[in-house]
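Subject: A structure for you to explore

Hi there,

Here is the structure I promised to hand over. Please open it next to this email and look up each place as you read.

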Amino acid sequence: MADECCAPREEQPGTRDQPGPRDHAEQRGPRRLWQVRELHVAAVAALLLVAGWLISTWGDERVGAVVELAAAVVGAATFAPRAVRALLRGRIGVGTLMTIAAVGAVALGQFAEAAMLGVLFSVAEGLEHHAVRRTRDGLRALLDLVPPNVTVLRDGVQVAVPPEQIAVGEVMLVRPGERAATDGIVRSGRTTLDLSAITGESMPVEAGPGTPVHAGAINGGGAVEVEVTVPASDSSLARIVHIVEEAQDRRGRGQRLADRIARPLVPAIMVLSAVVGVLGALLGDPSVWVERALVVLVAASPCALAISVPLTVVAFVGAASRHGVLVKGGSALEELGRVDTVALDKTGTLTRNEPEVIDVVTPGNGRREDVLAVAAALEARSEHPLARAILGATDAVPDAEDVTAVPGRGLRGRQAGRRVRLGKPGWVDPGSLRAEVTRLQSLGATVVVVEVDGAVLGAIAVRDEPRPEVPEVVARLGRLGIETVMVTGDNRVTAGALADRAGIREVHAELLPEDKAALVSRRGRTVAMVGDGVNDAPALATAEVGIAMGAVGTDVAIETADVALMGEDLRHLPHVLRHARRARRIMLGNVALSLGIIAVLVPLAVSGALGLASVVFVHELAEVLVILNAVRAARITPLPAGRVGD
């Protein structure tokens, strides 16, 4: 709290260098509330204040006053020294106001009031610091998923070493029940991996040779040998922690609004207080008006306002990260809480992203194998999701030359001296296969036509099955009052077939990447675009909120999106939208409460209706309420186990 509320913050630990698996322990704050230093100081000051009051009531008033003065000094120890140091650097904050008020109260002989100010302000400060530390510690606790030691195979011998000593290319032995220390690829053995701590999904995934393994994954089956692909300090888990810690410091519009109000408010309060004291002293009793000036100083202090938004952001972002959702700071959170339209990409978002060839049709007596061979020759140079399905359907992959991609349409090149093309029926005319193409599209398949030297060789139907949870997700979004729209580059028939099964009424098909971006930008609403983070980059960047799906281990998706769903369960989408709305309501409620308290207390302070003790109590109570309300944003319920259809 103190000066950090209204002055530039000093760099926080972990916001620049990524913490290693063992480094984060030293950055931890107190685990228990009773271990917080500010609360210790407040307790001592409170005991001294009570002792002073008892001595003054039943003993020597002078001794009691000395004890109360000691209570005031002890209570101010949590903020006054820091406020003085900040003032010497030209920084004025809430701690400055409180220090002036405490010194003024002591100068007027109001030792008990000064002590009460110190006690209550220290309590509020301790609660805030503890809330922030607990959230950050909970985030860094993700790094506890990395085991203290890992077994590596060196010259055929099993050696136990700390994770930070693992070199890229070495082989880790991960036994049943153990966690992976860093990212790698399974080289031998088969097992199941529990990724719930990373993705928030409880269902384990099968793993075998070639399967990527992420740091923190629990081996639930047999022992596997995993080749290390990155150092432990650069693992997907370490990157997640680093990105979220940076995101917690990013400022949204609500936070910037609170800052715009709070920063000029501090010097304005000092001017107002001085005016009240000077004018009052000229017109009446100087001691009375100096006291009122001090009361105004405390009443108008904007600390509750300054912490109302950032504390909520820190609580929500940290909690979301522990449930498999990365939210890139206050701006993303605020926009997420305002979303009223969700645009969903089809491939990899509404579908499993596991396309398979379901049929190959040819004109006349054409051979299926020839069609697949030409298609595979072109797709071997492509990263499109359909390429995996076509390459997996044939063993023959001949060489192709001069292969170029036509974005949103298909591929062209040369194979065995022939001009070949593969693409959408609208780009490559299916000719006599038009009826077959329409039939396959009505089954929900994506069809590509293969052409050789201007003649149709055949058509390939590829279908990517929809995720079983999609109808439930669309229904949940509808109950939240959020409109769902499908945007896809696929044809209208195929897109419509999937939309009917999912319950999506509005479909925009046959879109190029730039068309998706244009559609998202012109809707005139708060749109969240959900895609894979790579192919949908223009639309993700254009939308108010870009949400990457299945982003664990994908650097591009995590870095470019505003929000990243680490797992593959689309139910995370309505889940995080519902909690983001709640967090936004908490932010707005905190801002309203903070401004309302100032608006009520200042006139009462100027009129003399409230004394210093009363204003201090109400002011600090408001801060505590704001803190307690903000930490409610961290209450995110986990998704129920399993998925629809599992």
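Below is what was found in it, from the whole chain down to single residues.

Before you start, please note that this is a predicted model: local features need pLDDT of at least 70, side-chain atom pairs count only at pLDDT 80 or more, and totals for chains, interfaces and linings use all residues. Residues are numbered from 1 along each chain as its sequence is written, and side-chain values use heavy atoms, with hydrogens and water left out.

**The whole chain**

The protein chain contains 22 helices and 22 strands. Both are DSSP runs numbered from the N terminus: helices are H or I with at least four residues, strands are E with at least two. Of the 646 residues in the chain, 52% are buried. Here buried means under 20% relative accessible area, exposed means over 50%, and partly exposed is in between (1.4 Å probe, protein chains only). A contact means heavy atoms within 4.5 Å. Among contacts with a separation of 6 or more, 70% join residues 24 or more positions apart.

**Nonpolar cores**

A nonpolar core is a set of buried Ala, Val, Leu, Ile, Met, Phe, Trp, Tyr and Cys residues joined through side-chain atoms within 4.5 Å. The largest one has 47 residues, and Phe 316, Val 327, Leu 336, Val 342, Ile 547 and Leu 573 have the most contacts inside it.

**A sheet and its helix**

Next, look for an open sheet of six strands, with antiparallel pairing, in the order β12-β17-β16-β15-β14-β13. Two strands count as paired if DSSP finds at least two bridges between them. At the edges, β12 (356-361) and β13 (401-406) each pair on one side only. From one strand to the next, the twist averages 20°. Inside the sheet, β15 (residues 418-423) and β16 (residues 446-452) are joined by four bridges; Leu 422 has Val 450 in β16 as its bridge partner.

Which helix packs on the sheet? Helix α13 (residues 368-379) does, and its direction makes about 80° with that of β17 (455-463). These angles run from 0 to 180 degrees between N-to-C directions, with axes fitted to C-alpha atoms, for helices over the stretch in contact. Because nine of its twelve residues are buried, α13 is largely enclosed by the rest of the structure. Those buried residues include Val 371, Leu 372 and Glu 379.

Ser 594 sits in helix α21 (residues 572-607). Is Ser 594 buried or exposed? Ser 594 is buried, with a relative accessible area of 4%. Its side chain reaches the backbone oxygen of Asn 590 at 2.7 Å.

Glu 544 belongs to the loop between α19 (537-542) and β21 (545-549). With 36% relative accessibility, Glu 544 counts as partly exposed. The side chain of Glu 544 reaches the backbone nitrogen of Val 527 at 3.1 Å. Glu 544 and Ala 332 are 212 residues apart in sequence, and their C-alpha atoms are 8.4 Å apart in space.

Enjoy looking around!

Technical notes
Polar contact = N/O pair within 3.5 Å; in protein donor to acceptor, adjacent residues only side chain to side chain.
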